[in-house]
Structures are given as C-alpha cells and as structure tokens.
Amino acid sequence: MVNGILEYLWLVPALPLLGVVLNGAIALFAERPLLLKEAGSHHETPAYRKLVAFIAPAVVGAAFIVALLCVLSLASRPADGRTFVQILFPWIQAGSLLVPAALQLDPLSSVMALVVTGVGFLIHVYSVGYMSHERAFARYFVCLNLFMFAMLTLVLANNYLLMFVGWEGVGLCSYLLIGFWYEKQSASDAGKKAFVANRIGDFGVLLAMFLVFWTFGSLSYTEVFAKVPLLRESGVLTTGLATAITLLLFLGATGKSAQIPLYVWLPDAMEGPTPVSALIHAATMVTAGVYMVARSSALFLLAPDTMMVVAVIGAVTAIFSATIGICQTDIKRVLAYSTVSQLGYMFLACGVGAFTAAIFHLMTHAFFKALLFLGSGSVIHALSGEQDMRKMGGLKKYVPITFATMFAATLAIAGIPGLSGFFSKDEILWQAFSSSHGSPVLWVIAALAAGITAFYMFRLVFLTFFGKSRMDPGVEKHAHESPWSMTAPLVILAVLSVAGGWVGIPAVLGGSNLFEHWLAPVFHPVAAAGAHGAAVAGAAEGAVHHPAALEIGLMALSVAIALCGIGLAYFLYRVRTGKPAEIASRWPTLYDVVYHKYYIDEFYEWAVIRRVVTFSDGLWQMFDALFIDGIVNGAADLVRAAAGRIRRLQGGVVGGYAFSLLAGAVLLVGYILYRSVVQ
Amino acid sequence: MIAPSAYLLLSAILFGIGVVGVVARKNILIILMSVELMLNGVNVAFVAAGSYLGDPAGGVFAFMVMTVAAAEAAVGLALLIALYRLKETIDITELKVLKW
C-alpha cells in the first residue's frame with residue numbers, strides 16, 4: 001500500500017453508482033407502483049422518500065470526502081510526481097487496441113473531481129428541499145446519482161475512450177433530467193434537442209479518437225501525451241494532423257459546452273428542474289468540453305489554427321450570448337445565456353493557451369453560477385413556480401438569505417475586485433491580451449462582454465429583488481424563504497463565490513497564484529515541448545513580456561467597464577424604470593431581433609432541420625420506396641411470372657405424373673444403354 | 001431347354017402391359033392390378049436370371065418382391081375403399097384436386 005488512500009480512488013465514481021443501484025431499486029419497486037396506481041392520493045409521505053433523501057446526498061458527500069483525501073495525499077507528493085494512475089481491469093482487448101478501465105488523478109482531474117463532487121453534494125442537499133413536492137422523487141435522484149457517476153468517470157478517466165463513456169453518460173442524464181417532466185411537451189422537446197445537438201458534437205469526438213489511435217496507437221492520456229514530442233520530431237504528427245484531431249475534439253466541445261454553432265440547446269435545457277440546471281447545465285457537465293480541451297492541451301498547442309478557431313469562437317460566443325441575455329424575461333434563461341457566455345470565456349482562455357486560467361474560471365464559475373441557479377430556484381420556489389421577472393420585484397424582504405447570497409454571486413460574476421469572478425475573469429482578459437496567441441481585439445470583445453454581463457446580471461437582481469412588487473397577489477401571499485436544506489447550500493456556495501478566487505491571486509497583485517502552481521505540472525511540461533509551447537509557457541508567466549503597470553491598467557479598465565454596466569443597469573431599472581420600454585419602442589426591430597435570440601433557432605429550423613427533413617423525405621421516396629422496395633417486389637414478381645408457366649405442369653392428373661415418370665425412366669435407361677453400346 | 005432370352009422377352013411383355021395399364025387406364029383398381037403385373041414381370045426376370053446364373057439370390061429377390069407386393073396391394077385397396085366412401089368414384093381423372 002505505497003499509495004495509501006489513493007488506492008481507494010475507484011470509490012469516487014463507485015459511490016454514486018452505489019446510489020444509483022439503491023435508489024434505482026427503490027424507484028422501481030417502491031415508487032413506480034405508487035405512481036402507476038393513481039394521481040391524487042399521496043398526502044402522506046411514503047417512508048422510502050426519507051431513505052432516498054438520505055442515500056442520494058450521502059453517497060455524493062462520501063465521494064467528496066474520498067476525493068478530498070486522495071487529492072490531499074496527491075498534494076503531499078513532489079510536484080513532478082503528482083500523477084496517479086489506477087488500472088481497475090482490462091476493458092477492451094482487440095488486436096493492438098488495448099483499453100483498460102483506468103482512472104487518473106493528477107492536478108487537473110483533482111480540481112475537476114473536487115468541483116464536481118463538492119458542488120454536486122451541495123446541489124443534492126438542495127434538491128432534497130426543492131423536489132420535496134415532486135412525486136417522482138426517487139426517479140429524480142437516480143438520474144442525479146447516475147449523472148455524478150458519469151461525470152466522475154469523465155473527469156477521472158485515464159483514456160479517451162473511458163472519458164467518452166462518461167461523456168455520453170452525462171449526455172444521457174442531461175436528456176433524462178431536462179425531460180424530467182416529460183408530460184410537458186416543451187420539456188420533452190428540449191430534452192431531444194439537447195441530445196441531438198450533443199450527438200452532432202459527439203461524432204467529432206469519435207472521429208478524433210480514431211485519428212488519435214491511428215496516430216499514436218493508444219488512447220491513454222499518459223501514452224499519447226508522452227509520444228507527442230517523439231512523433232512530432234519524426235514527422236508523423238504533422239501540423240495538419242494535429243489540426244484535424246483538435247478541430248474534431250473542439251466540435252465535440254462546442255456541442256457539450258454549448259458554444260457557437262451548437263449552443264442552442266442550453267437555453268431550452270432550462271425546462272428541467274432548477275437544481276439540474278445548476279448542476280448539469282452550469283457547474284459541471286457543460287464544462288466537460290473545456291476540461292477535454294485543457295486535457296488535450298499538448299495536441300492543441302501543436303495546432304495554431306485550431307487555437308485561433310477556439311479563441312475566436314469563445315470570444316464571439318461570449319459577447320453574442322451576453323447580448324441575448326439583456327432582453328430575456330425568464331430568470332433562468334438569463335442565467336442560461338450567461339452560462340453560454342461564461343463558457344465562451346473559458347474557451348477564449350483555452351484558445352490563447354491559458355489553460356490554467358480556463359480551469360480557474362471553470363472552478364469559480366461553478367461556484368457562482370451554481371449559486372445563481374440555486375438562488376433563482378429558491379425564488380421560483382418562493383413564488384410557487386413563477387419564472388417571469390416581470391412578475392417579480394421587491395423580493396428582498398421575503399427571501400433575505402436568497403437575496404444576500406445571490407447578490408454576492410452577482411458581484412462575483414460581474415468581476416468586482418476581491419471576489420472569485422474577478423480573479424479568474426481578469427486572468428483570462430490579461431491572457432487574451434498578452435499571450436502569443438492572443439490579440440487586443442480579443443481583449444476588447446471579452447471586456448465588452450464583461451460589461452454586458454455586469455449589466456444583465458444587475459438587471460436580473462434589480463428586477464427580482466428591488467423596486468415595487470409586481471407579483472400576483474395570490475402568489476405574494478405565499479412568498480416565503482426556502483427551508484434550510486436549500487439555504488444552507490446557498491450560503492456555502494456564497495462563501496466559495498467570494499473566497500474561491502483567492503487561491504489564484506496573480507503575482508502582479510501580490511498573490512502567489514497557488515492555483516497556477518498546482519496545475520503547472522499538467523500544462524507546462526507539455527507546453528515546453530514545442531516551439532509554440534515555449535512561448536505559451538512564457539506568456540503564462542505574464543509579466544515576463546509586459547510591464548506590471550499595463551496589467552494593472554487593463555485590470556482597472558475592465559473593472560471600470562463592469563462598473564459602467566452596473567451603473568447603466570441601476571439607471572435603467574432603478575432610477576428611470578420607464579426607460580427600457582422606451583428604448584425598446586424606439587428601436588423596435590433591434591429589440592425584436594435580440595428578444596427573439598437573433599432568430600437563430602428559426603434560422604436553424606429553416607437552414608438545417610428543414611433541409612435534413614426534405615433530404616430524408618427524398619431518400620425515403622426515392623431510395624427506400626422506389627429502389628429497395630423495387631428490388632424486393634421485383635424479385636417476387638419475377639419468380640411469380642416464371643412459375644406461372646411451369647406450374648401448369650402440375651395438373652393433378654395421376655396418369656400424367658405416371659407418364660412423366662415412365663418417360664423419365666425410359667430416357668434414363670436409354671441413355672445408360674447408349675453409353676454402354678458406344679463404349 | 002428354353003433360351004434365357006425368351007424368359008426375358010416374357011418379362012418385358014408383362015412389364016410393358018403393366019406400364020400401359022398404369023398410364024392409360026382410369027380405373028384405380030385396374031391401375032393397381034397393372035402395378036401387380038409390372039412387379040410380376042420383374043419377378044420372372046429375377047427367377048430366370050437366378051436359374052441361368054445358378055445363383056439362388058434371384059429366387060430370394062422374387063420372394064421379397066411378392067411380399068412387398070402383397071403389402072402394397074393391401075394398403076392400396078384400403079386406400080381405394082376409403083377414397084370410394086369419400087368421393088363415390090374410383091375414376092382417377094376425377095381426382096385432380098392436388099394441383100397448382
């Protein structure tokens with residue numbers, strides 16, 4: 001037992017799986033018969049619900065503790081020895097393809113595992129309160145536990161194939177949970193949309209895996225990344241090949257992490273229960289694409305073209321979806337577009353080679369965005385299901401804890417100095433400006449997006465919590481703060497949203513940037529391998545090329561932009577509350593276009609979905625109905641036509657049969673005689 | 001001493017009469033009798049060949065054929081009676097249901 005606690009790494013994904021089995025049994029044998037029986041008579045709380053409410057958070061909490069102990073054990077090792085691989089069992093053995101089911105704990109996956117289990121545990125606790133009125137209580141937690149298992153498989157996998165299993169698993173759980181209220185047409189449609197959009201990305205990941213195996217002869221991270229410099233030198237791994245692999249991987253990332261062009265499913269995914277939006281569609285699953293890109297950083301750094309594509313798509317997504325967020329009235333949709341926008345930041349960071357900054361923002365975003373979603377869930381809970389911000393207002397005094405925590409998260413996402421979002425976002429902005437892959441244009445876009453982010457987030461807070469109440473009177477009477485099982489996670493996440501960034505205070509502000517040092521063994525040895533990598537490694541140090549004053553100045557500028565956004569929101573939604581409607585009526589076309597999300601869904605409907613349907617229709621009519629059916633029916637017709645004549649021989653008259661028998665015998669004997677005579 | 005070819009000629013004639021009877025007649029009873037003729041024509045050939053070659057196997061074969069023929073006649077007549085009860089006819093040309 002040299003590895004101590006690390007030998008128990010397998011428990012991290014296994015514990016949620018245990019939860020799936022136990023809760024699954026309860027859902028199947030205790031809950032389902034009850035649900036099928038009939039709808040009205042569930043006034044008493046069945047005992048199994050208490051059991052589920054204990055098991056589901058407990059297994060995730062236990063997984064968090066195991067993960068934490070493993071990471072602490074890993075941290076006690078020297079910096080260059082912090083990669084632990086645990087081979088569980090040989091999984092696939094086919095010719096030269098050897099894929100073991102193996103887990104890998106290194107600084108990168110430990111950050112992910114801690115975020116996933118930690119935030120996941122809080123959201124499980126929250127869900128117990130939020131879903132307490134839900135009839136399919138056990139089914140919900142089965143899906144949630146299954147999600148945790150899949151997500152932990154994804155982040156802890158040691159090879160691309162096992163990661164892909166988790167990748168598909170989280171996609172499945174996302175589908176199941178978006179469509180959790182499947183009796184609602186829009187919910188089941190949204191689930192399908194998410195699944196299909198993800199499938200489009202998945203085919204990119206599959207092709208990328210084929211290429212990786214073809215090039216490296218292996219799918220395991222350790223082997224692939226170790227071979228990169230060697231194959232680079234021998235000329236097998238050309239820049240073109242690296243570009244192809246990374247672009248295909250990035251296609252998968254755009255699907256999973258909701259980037260242009262495949263982002264359209266995420267806003268619709270808000271049909272799911274709010275804790276699901278927080279866990280899957282804000283904190284964890286949607287960041288899987290960022291994780292995969294960061295994990296494959298050694299390959300991405302060899303493909304400057306891909307890096308540029310990633311950076312540009314990230315920056316454009318960041319500002320594009322932020323503008324959509326301005327006009328949305330559904331509280332969860334504002335947060336959904338905000339998530340798309342923040343994921344854009346993470347890809348921007350990846351694209352400029354600042355993988356550490358991307359993972360840093362991933363972590364802080366998981367804290368404050370999960371908090372924002374849970375807070376909005378608490379608001380929705382308080383208002384008996386109301387999601388329209390036009391029917392909120394003045395909620396501050398009804399839900400004080402929710403308000404305070406959400407306000408902290410809003411400050412964090414807006415980039416107010418000292419809070420977590422400030423450090424991570426500013427790190428990205430600085431890298432976008434200073435890195436060798438970056439450019440001032442990217443900085444301008446990202447800084448503008450940060451201003452818009454501050455604007456729409458404060459718009460949300462002002463519309464929801466401040467001003468006069470616009471609630472329906474019946475709803476207002478019942479407005480109440482949520483139970484402790486919901487507010488406690490809010491408070492913990494609020495603390496993390498405030499303090500979570502302190503692990504990554506940059507050197508220029510007198511910090512030691514522990515986070516960067518922690519991740520350095522993952523990103524920098526590979527970065528040092530190639531010529532590009534060396535530049536990135538240098539850029540990551542930041543102040544090497546640029547004076548500290550420039551960094552401080554840009555930081556101040558981006559804070560000023562954010563403050564402008566906040567000020568504008570204050571002016572429009574607190575001081576001159578009639579102004580927004582006035583602006584909307586001044587430029588009706590512009591407002592309409594933004595309000596309808598730039599008609600992107602309609603455009604896809606027309607440009608892609610309609611085409612595919614027409615094409616499939618054509619295939620059905622031409623190929624299926626004419627060609628395939630033609631062959632089958634033609635064969636039958638041919639046999640029938642040929643048989644039509646021959647079967648006349650079978651006349652049913654015994655004399656006829658006897659005669660042909662005789663004729664046959666005569667012919668046969670005649671032939672034999674002939675042969676013997678001739679010989 | 002009668003030449004062996006004479007026995008074979010008799011055998012062929014008997015067989016030929018039987019064949020014509022089977023092919024040309026409509027009455028099933030006659031057809032069955034014609035089958036018996038064919039079998040006995042073959043029997044003549046067996047016995048003659050056995051005697052000519054000094055081999056008792058020819059006679060043994062003839063007895064075998066007679067046994068089978070007896071069984072065949074019994075089964076055939078039973079079928080015939082069942083058929084008559086069902087269709088009230090023993091005309092083979094009337095019985096042509098089993099066709100295309």
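The accessible surface of chain A in this predicted model comes to about 28300 Å², and 71% of that area belongs to carbon and sulfur atoms. Of the 679 residues in chain A, 54% are buried. The C-alpha trace of the chain spans about 120 × 70 × 60 Å along its principal axes. Its secondary structure consists of 27 helices and 2 strands. Contacts that reach across the sequence are well represented: among those between residues at least 6 apart, 80% join residues at least 24 apart.

Because 13 of its 18 residues are buried, α8(A) is largely enclosed by the rest of the structure. Helix α17, residues 420–434 of chain A, has 15 residues and reaches 21 Å from its first C-alpha to its last, close to the 21 Å expected. This helix is mostly covered, with 14 of the 15 residues of α17(A) buried.

A helix pair in chain A is worth a look in the viewer. Helix α11 (residues 288–295) of chain A packs against helix α14 (residues 331–351) of chain A at an angle of about 5 degrees, and their axes lie 10 Å apart. At that angle, α11(A) is roughly parallel to α14(A). On the α11(A) side, the contact is made by G289(A), V290(A) and V293(A), while α14(A) contributes L343(A), M346(A), F347(A) and C350(A). By residue class, this contact of α11(A) with α14(A) comprises 6 nonpolar residues, 1 polar residue and no charged ones. The spacing of contact residues along a helix can be read against a simple rule: an α-helix has 3.6 residues a turn, so residues three or four places apart point the same way.

Helix α15 of chain A holds a lysine, K369(A). K369(A) has a relative accessible area of 0%, and is therefore buried. Leaving aside residues up to four places away in sequence, K369(A) touches A282(A), L335(A), S338(A), T339(A), Q342(A) and I413(A). The C-alpha atoms of K369(A) and M406(A) are separated by 9.5 Å, although the two residues are 37 apart along the chain.

S482(A) lies between α19 (473–478) and α20 (484–499) of chain A, and its relative accessible area of 8% makes S482(A) buried. Beyond residues up to four places away in sequence, S482(A) touches S378(A), H381(A) and T487(A). F203(A) is 279 residues from S482(A) along the chain, and their C-alpha atoms are separated by 43 Å.

Most residues other than glycine have a negative phi, and most peptide bonds are trans. After α8(A) comes A258(A), whose phi is positive, near 55 degrees. A cis peptide bond then joins I260(A) and P261(A), with omega about 5 degrees; P261(A) is found in the loop between α8 and α9 (265–268) of chain A. S384(A), which is not a glycine, also has a positive phi, near 55 degrees. S384(A) lies in the loop between α15 (355–382) and α16 (400–414) of chain A, and with a relative accessible area of 54% this residue is exposed. K597(A) likewise has a positive phi near 55 degrees, and its place is in the loop between α25 (588–595) and α26 (600–646) of chain A.

I28(B) lies in helix α2, residues 28–53 of chain B. With a relative accessible area of 13%, I28(B) is buried. Apart from residues up to four places away in sequence, I28(B) touches L80(B), L83(B), I90(B), I92(B) and L95(B).

Notes. Residues numbered from 1 in each chain as written. Chains lettered and ligands numbered in written order. Predicted model: local features only at pLDDT ≥ 70, side-chain atom pairs only at ≥ 80, totals over all residues. Heavy atoms only, no water. Axes fitted to C-alpha atoms, helices over the stretch in contact; angles between N-to-C directions. Helix = DSSP H or I, 4+ residues; strand = E, 2+ residues; numbered from the N terminus. Parallel < 35°, antiparallel > 145°, perpendicular 65-115°, else oblique. Contact = heavy atoms within 4.5 Å. Nonpolar A, V, L, I, M, F, W, Y, C, P; charged D, E, K, R; others polar. Expected span 1.5 Å × (residues − 1). Buried < 20%, exposed > 50% of the residue type's maximum accessible area, 1.4 Å probe, protein only. Areas by Shrake-Rupley, 256 points an atom, 1.4 Å probe, with all protein chains shown as cover.
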